[in-house]
Amino acid sequence: MPNIPFDKAVLVTCGLPYANGKAHVGHLRTYIPADIYVRSLKKNSQEVTFVCGSDTHGTPIVVNAEELGITPKELVQKYHVHFDEIFKKMDVRFDAFGTTDDETNHNRTLDIVEKLIDRGYVYPKIIEIAYCPQCDRFLPDRYVSGTCPHCEEKARGDECDQGCGKHLEPGELREPVCTICQGPAEYKEQEHFFFKLSEFRDFLLEHLENLGGTLNARNYALGWVKQELTDWCITRNLEWGVKFPGHDDLVVYVWVDAPIGYMAFTEEWAQATGGDWEKFWKGDSPIVHFIGGDIIYHHCIFWPAMLKGAGYSQPSAVVASGMLKIEDKTFSKSRGYVVWVEEDYLDHGFHPDLLRYYLASYTSHTKEVNFSWKIFQDKINTELVGVLGNFLYRNLLFAYKNFGEIPEGEMDPEVIDKIVSTTEEVIQANADYEFKKAADIAMSLASYGNSYFQSNEPWKLIKEDKDACGKVIKNCIQLAKALILLFEPMTPGSMEVAWKQIGMDSDVHEETYEQATVAVVSGTKLEKPKILFTKLEDDKIQEMEDISSKRVKAAMAKEAGKPEVEIEEYKDEIEYDDFAKLDIRVGKIIIAEKIKKSKKLLRLEVDIGDEKPRQVVAGLAEYYKPEEMVGKTVNVLVNLKPVKLCGVESQGMLLAADAGERVSLLTTDKDMGPGSCIR
RNA sequence: AGCGGGGUGGGGUAGCCAGGAGAUCCCGACGGGCUCAUAACCCGUAGACCGAUGGUUCGAAUCCAUCCCCCGCUACCA
């Protein structure tokens, strides 16, 4: 794939936000780098079209709308407007932002599905679909749970998520239960339609070999294709969505019409601007998809196969971003580890540029990024304020006070060289999707500016040799000009202001990197500069951390407060003798360690009063760390027949209260010596 | 278990594919300087035997083998 610049116009897309909830910082992890990429390409005189839109279909939206007592359309509209506003406020500027419920997308989806049918890539098959008589609804994917036929564990409709991890075909799950009303579900035979994904294996292997973008996307997809490809069921029993041709009771699966949105939004852009959408989707102009790391499968396998099958061009690159952590904890709305863009960030008066800079410069694009208010404060204060902001301000204020205009002076060749090499490196880094690298390189020019200013001591020169001082300042203003251009993709709002401060009256967003070495004009009047980036005070950061921790506590309380798990049915009545058969004793844990190769198992040695401690294997690794178990007093069922688990013999069983997500070891109320019996 | 990604000074990173002299850069710590600037900026110092072990090599963070640990694929995720 040609690089910097592409030799043709390029289409950049972002993974579609699902119109079923608010925007959080995790979303921005994909959209902001994409916007930076697009702005950087434009600065490099590259013709770019940047499209996105809301993903509006699928069962979760239907269910959520029902709960709220509104129509799916109303729900979707609400969040569509929300995301549109958020993106504008964060200065993520799409050339088109539509919805997958737009007529354009319905039409394009039908076009593609019909082409796939015509070409023999779609076939019908009777399958058994779970159906809930109470809800009067078919239960796709996650909306049915039951027992895994392979391992007997509790499992979801499409996958045995807690047990063996196997993918489940519709109808395989035993004892299906509706996850919406918790009532029993039944199976009904239904005709559904499948896409012959398996026929695209060779195509995909070749396609992926040539796919640009980040390595994480390609490697992940190759791993899948090399294993096996099963045909995809592309229809669902729903009212809401794109109707499957000739079957009014079916809609196409949301993952069919969602990526087609990329095409539809390109068409909408073309209609609005007179542009040409076919050069991307039928021609060879490159298409670059920015997505979150969780939807690589769809973009690298299903989507190109569909496009190939229907006779359209395939993407040139897939750029998959790493996931986000909040305060070093895995992102989780229900556990409170979430930062909402609007209420937690913008509404507190933070400038969008700060978050843009943080997300772009924290770590490489494919790695996990940790959002922490403390680190946020640190990066902003030391880098944006201390290095870049301070250089621009000290320099422009000095120029304003002492000259009132851009002074006369020769350009220092070293300064020009530095600008040229930095610009080239930034362009290359952005083209490689290395946004942190680009940020660091750009920041190093600001650092160079500070050194240049410092070592030339213009504050001394101004008293001794005003001309020499003028030369230094003019060079510094040249550096400022280059910096503004280099930082515009990352911090567009602030750089727009800075551009005015150096006396430029053009639109900085439309300027190219070539302007960086075009000499600033001596005699240009300068206004008194204002500070661009102000320090984030400790109080403010503390306030934000308090909000976060309150939310986490509230979430924990909520989780603990409600019984959470369904109350299990009472077991049959027993005689005392039955109970007496159980030999339960107090024990003290002496050694605890994880069993390698196992996720859940711990190997324990428990003192139960005998000479030698007993070895017990417990499935508690997900709830307790080995070190926190050592020394605990526990209850052990000691006459259970020994069994080998993962090759380690277990001579007993620890008793614990089990509420699904939460598990608690049983201990004794008073300090009891090991060996005491429990009755 | 399998597949994929990763383990580099206190934290975060570069280098690894195409092995070579003192292992990069940022933050933090310490010392100094300067005072135009938002207690900012500049200069300097300390700190890692590059996850473990073994191997290939004149030479390995870089290549090979084995092992350990973390993360993702399995959630409300972009």
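Which residues form one aromatic cluster with Tyr 121? The cluster consists of Tyr 121, Phe 195, Phe 200, Phe 203, Trp 232, Tyr 253, Tyr 297 and Phe 302. The model is predicted.

**Surface near RNA strand B**

- There are 53 residues around RNA strand B, and those that come nearest are Thr 30, Gly 292, Asn 390, Phe 453 and Phe 533.
- By residue class, this surface holds 19 charged, 18 polar and 16 nonpolar residues.

- Thr 30 uses an N or O atom of its side chain, which is 2.6 Å from a sugar or linking oxygen of RNA strand B.
- Lys 401 places a polar side-chain atom 3.4 Å from a phosphate oxygen of RNA strand B.
- Two or more residues of this surface come from each of α1 (25-43), α6 (215-227), β15 (287-292), α11 (373-402), α13 (435-456) and α14 (458-464).
- Helix α11 is the element that gives the most, with 13 residues.

**Aromatic pairs**

- The whole structure contains 37 aromatic pairs.
- One of these pairs joins Phe 290 and Phe 435, with ring centres 6.3 Å apart and 35° between the planes, and is classed as tilted.
- Phe 290 belongs to strand β15 and Phe 435 to helix α13, so this pair links distant parts of the chain, 145 residues apart.
- Phe 290 and Phe 435 are both buried.
- Tyr 345 and Phe 350 count as a stacked pair because their planes meet at 25°, under the 30 degrees that stacking requires, with the ring centres 5.1 Å apart.
- Tyr 345 and Phe 350 are both buried.
- In general, the distance of the centres and the angle of the planes describe a pair of aromatic rings.

**Charges over rings**

- Lys 125 has its charged end over the ring of Phe 194, at 5.1 Å from the ring centre.
- Lys 188 is positioned over the face of Tyr 131, 4.0 Å from the centre of the ring.

Technical notes
Residues are numbered from 1 along each chain as its sequence is written. Chains are lettered from A and ligands numbered from 1 in the order in which they are written. This is a predicted model: local features need pLDDT of at least 70, side-chain atom pairs count only at pLDDT 80 or more; totals for chains, interfaces and linings use all residues. Side-chain values use heavy atoms; hydrogens and water are left out. A residue is near a molecule or strand if one of its heavy atoms lies within 4 Å of it. A polar contact is a pair of N or O atoms within 3.5 Å; within protein, one must be able to donate a hydrogen and the other to accept it, and residues adjacent in sequence count only if both atoms are side-chain atoms. Helices (H or I, at least four residues) and strands (E, at least two) are DSSP runs, numbered from the N terminus. Ala, Val, Leu, Ile, Met, Phe, Trp, Tyr, Cys and Pro count as nonpolar, Asp, Glu, Lys and Arg as charged, and the others, Gly among them, as polar. Rings of Phe, Tyr and Trp (its six-membered ring) pair if their centres lie within 6.5 Å; planes under 30 degrees apart count as stacked, over 60 as edge-to-face and the rest as tilted. Buried means under 20% relative accessible area, exposed over 50%, partly exposed in between (1.4 Å probe, protein chains only). A charge sits over a ring if NZ of Lys or CZ of Arg is within 6 Å of the ring centre and within 35 degrees of the ring normal.
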